[in-house]
Every structure is written in structure tokens, then in C-alpha cells.
Amino acid sequence: MWQPQGIYANLLLKSSTIFSGAGAVRGLSNFPGSRFAILYGSGAGSDLLDSIRLVLKDRSLLFLPKKTLGEPTLEEARAYLRSLEEFHPDVIFAIGGGSLMDMAKLCRILYEFPYWTGGSVLAPGLAFKTRFVAMPTLPGSGAEASSAAVYTEGESKNKRFFVHQGLIPDVVLLDPGLLSGLPRQTLALGACDILGHVVESFVSVHAHALTREICAQALSITRSLWDNTAALEEDEGRLRLLYASYLGGVAQNHCLVGITHALAHQIAGDGYSHARAVGLLLPFGIEANRCHGDTDALYARLAVMANFPDFAAFWSFILDITAPLRAQDQGRIWKLLENKTRNFDFFRDLSMDAGGKGNPVPLERGWILESMRRWQEEHLYV
């Protein structure tokens with residue numbers, strides 16, 4: 001199967017068929033698959049699983065619960081292989097948050113290409129035989145739109161990425177009922193994750209007119225929901241948040257984001273969830289990049305396209321939505337990063353991080369240290 005690569009100025013990578021709204025799973029009723037391996041997390045309640053059994057009553061189903069928390073490892077994914085090999089699925093169906101979807105993607109890779117041992121190398125001309133369905137139960141990660149499988153490696157817990165366009169789901173199911181009852185803090189973390197994707201994607205070196213329209217729409221939706229949080233108590237509001245999450249995933253998958261994500265990936269093994277780290281570091285990432293070329297003008301353009309009156313209003317929104325995280329952290333994340341900057345490997349890993357490849361400024365040691373120094377002097381305890 002042909003997969004265009006490197007023509008980022010003129011294309012948008014493969015998109016999925018989307019079923020949205022209450023009972024979205026009914027969209028699978030005539031889906032071309034007979035053997036569904038269903039990997040699910042804690043967000044998939046018994047009512048949803050019963051609905052799946054009803055919709056797919058004429059198919060063979062294998063339910064596989066995720067047994068661990070956090071980002072998956074290759075060892076954890078391999079634990080599912082025996083069940084998959086005995087069942088012979090033709091559809092992999094992932095229901096959960098970003099880490100669950102990453103686990104499902106790893107399982108799919110290992111099931112179809114058992115010789116893969118990790119890393120980023122798999123011949124791009126190879127095509128998957130199984131189909132892939134994704135149903136997010138949390139907003140923010142954008143994994144339902146991503147061609148990356150993210151996993152942690154060894155004792156270091158460093159994040160690694162495997163990217164193949166065949167990992168973009170064939171079908172995405174967006175059901176607002178799955179967000180019902182989630183704590184406000186969880187929704188706020190999801191919103192921070194969405195904002196990290198769209199803000200960094202908009203100024204990415206790989207951005208173009210269409211991806212910027214996508215970013216602006218996702219930002220506008222997120223801002224409108226945060227101005228009217230009561231909307232999140234209704235299916236319509238929760239569905240709009242899922243739309244924003246999906247659009248943010250499409251944008252980051254194309255544009256490769258920047259310094260906020262690259263730094264967040266370096267502290268994955270230090271007790272910071274990805275969404276929390278992004279929320280803490282996004283204001284820094286914006287301010288660091290504003291000093292480069294026309295990036296400041298791009299932020300102002302994003303603000304206007306997303307229906308803010310100006311950049312100042314956009315900046316105030318970013319500071320407000322991340323303020324609870326920054327107040328709780330009290331500078332701990334900066335002490336951690338400062339300690340890490342004493343290790344040369346930190347800058348090597350940062351410069352090689354796939355999550356930072358879209359940053360408008362190359363992730364070089366001198367620029368990073370100066371940006372961090374300036375931020376800490378001006379904002380650390382704001």
C-alpha cells in the first residue's frame with residue numbers, strides 16, 4: 001500500500017471513518033470483520049461491553065482487559081500475543097485512553113510482524129492485514145488519530161515511538177456517554193493535552209493552511225467549553241470535546257509538535273503523566289518560541305482564527321487553564337529539569353525526540369538553557 005512520506009507541505013495523512021454520538025458502536029454493525037479482538041481499559045463499562053456483544057452478535061469476540069496502568073512496554077504487549085495467535089483476529093478493537101490504544105497498536109504490530117523487536121524500523125511498504133478500530137474513553141491524547149505507537153523502554157521509562165501510517169485507525173467511534181461522570185480534573189488534563197497538540201502544531205515547521213484551520217477549530221471548541229463548563233454535563237458538550245481531541249490528534253500526527261512534548265517525554269519516568277507535563281510546560285513552550293522569527297505572528301494569527309480578540313486574550317486563557325497545575329507543582333518540575341540538564345544525554349535525547357521535530361526552533365542546548373533560565377526568572381512562581 002502506497003504511503004506518501006515527506007511531502008508535508010501538500011497533504012494530510014490518511015483519515016478514519018468516524019461514527020459519533022450516543023451509541024456510536026452501532027456503526028460497526030456491517031463492518032467487514034468476523035473475528036474481533038477487543039482490548040479495553042477501565043473506561044469501558046459493562047453496559048458498553050454488552051452493547052458491543054449485541055451489535056457484533058454474529059461475530060467471534062475475544063475480550064482482553066488491560067492489566068497495567070500507564071504507558072505500555074513491549075513486554076506487556078507480548079503478554080497478549082498467545083491469546084491473539086490462538087484467536088486469529090481480523091479486527092483489533094481498542095477501547096480506552098491513549099495508553100490503551102498504544103498497547104493495542106503494539107499488539108497489532110507484534111501479532112502481524114513477530115520479528116519486530118522495537119525501535120522505529122519496519123519496512124514502510126508492508127501493509128497490515130488486520131483492521132483497526134479505536135474508541136476513546138478519555139479526551140486529549142489524540143491516539144485515535146495517530147500513526148504512532150508510544151511505549152516506554154526498560155528501567156529508564158524513556159518514551160519510544162514507532163510510526164507507520166497503517167496504525168491510523170480504519171474506524172473511530174466517538175461516544176460522549178463514555179466521558180459522563182469523569183472528574184473535572186481529568187477533563188482539564190485532557191484539555192491541556194488538546195491545547196498542547198493544537199498550539200504546537202500550528203507553529204510547526206510542517207504546518208500548512210489546512211492543518212492550521214484544524215488547529216484553530218480545536219482550540220475554539222476547547223475554549224468555548226471552558227467558558228461554559230456546564231456544557232460538559234451534556235452529551236453535546238462532551239461530544240464537542242471529543243471532536244476537539246480528535247482534531248488535535250490529526251494535527252499533531254501531521255505536524256509532529258515541538259518543545260513542550262519533547263520535554264514532557266523526557267520526564268515520563270519521573271512521576272509525571274503526559275497530560276500533566278504538557279499542561280505544566282505549554283506556557284513555557286509558547287514563550288520560548290515567541291522569540292524566534294515569525295512565530296510570534298503565528299501565535300497571534302492562531303488567536304484570531306480561534307475567535308480570541310487578540311494574542312493577549314489567548315495567552316490569558318492558556319495561563320488560566322494551566323494555573324491549577326502550576327500552583328500544585330510549585331516549581332518541582334523545573335528543579336527536575338534543571339537537574340537533567342546537567343546530563344549530556346538529556347540534550348541528545350531531547351534533540352532526537354520524535355515529538356519535537358516540528359518545533360520552529362531547533363532543540364539545541366544553548367537555546368534550551370537560555371529559554372529555561374529566562375522562564376524561571378520571570379514566571380516560576382506565577
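Student: What makes the six strands an open sheet, and in what order do they run?
Tutor: This is a predicted model. The order is β1-β8-β5-β4-β2-β3, with parallel pairing. β1 (17-20) and β3 (60-65) are the edge strands, as each pairs on one side only. On average, neighbouring strands are turned by 15° against each other, direction ignored.

Student: How do you know that β2 and β3 pair?
Tutor: Pairing needs at least two bridges. Strand β2 (residues 35-40) and β3 have six, in the parallel sense. Leu39 stands opposite Leu64 in β3.

Student: Which helices lie across these strands?
Tutor: Helix α1 (residues 46-55) lies across β2, β3, β4 (91-96) and β5 (131-136), at about 160° to β3. α7 lies across β1, β5 and β8 (171-174), at about 150° to β8.

Student: Why is α7 called largely enclosed?
Tutor: Buried means under 20% relative accessible area. Of the 21 residues of α7, 16 are buried, so the rest of the structure largely encloses this helix.

Student: What span does α7 reach, and what is expected?
Tutor: Helix α7 (residues 235-255) reaches 30 Å from first C-alpha to last, close to the expected 30 Å. Just after α7, Leu256 takes a positive phi of about 75°.

Student: Which residues touch the most other members of the largest nonpolar core?
Tutor: Leu219, Ile286, Phe314 and Leu337 do, in a core of 71 residues. Helix α5 (residues 184-202) gives the most, with nine residues. A second, separate core has 31 residues, including Ala37 and Tyr111.

Key: Residues numbered from 1 in each chain as written. Predicted model: local features only at pLDDT ≥ 70, side-chain atom pairs only at ≥ 80, totals over all residues. Heavy atoms only, no water. Core = buried A, V, L, I, M, F, W, Y, C linked by side-chain atoms within 4.5 Å. Buried < 20%, exposed > 50% of the residue type's maximum accessible area, 1.4 Å probe, protein only. Helix = DSSP H or I, 4+ residues; strand = E, 2+ residues; numbered from the N terminus. Expected span 1.5 Å × (residues − 1). Axes fitted to C-alpha atoms, helices over the stretch in contact; angles between N-to-C directions. Contact = heavy atoms within 4.5 Å.
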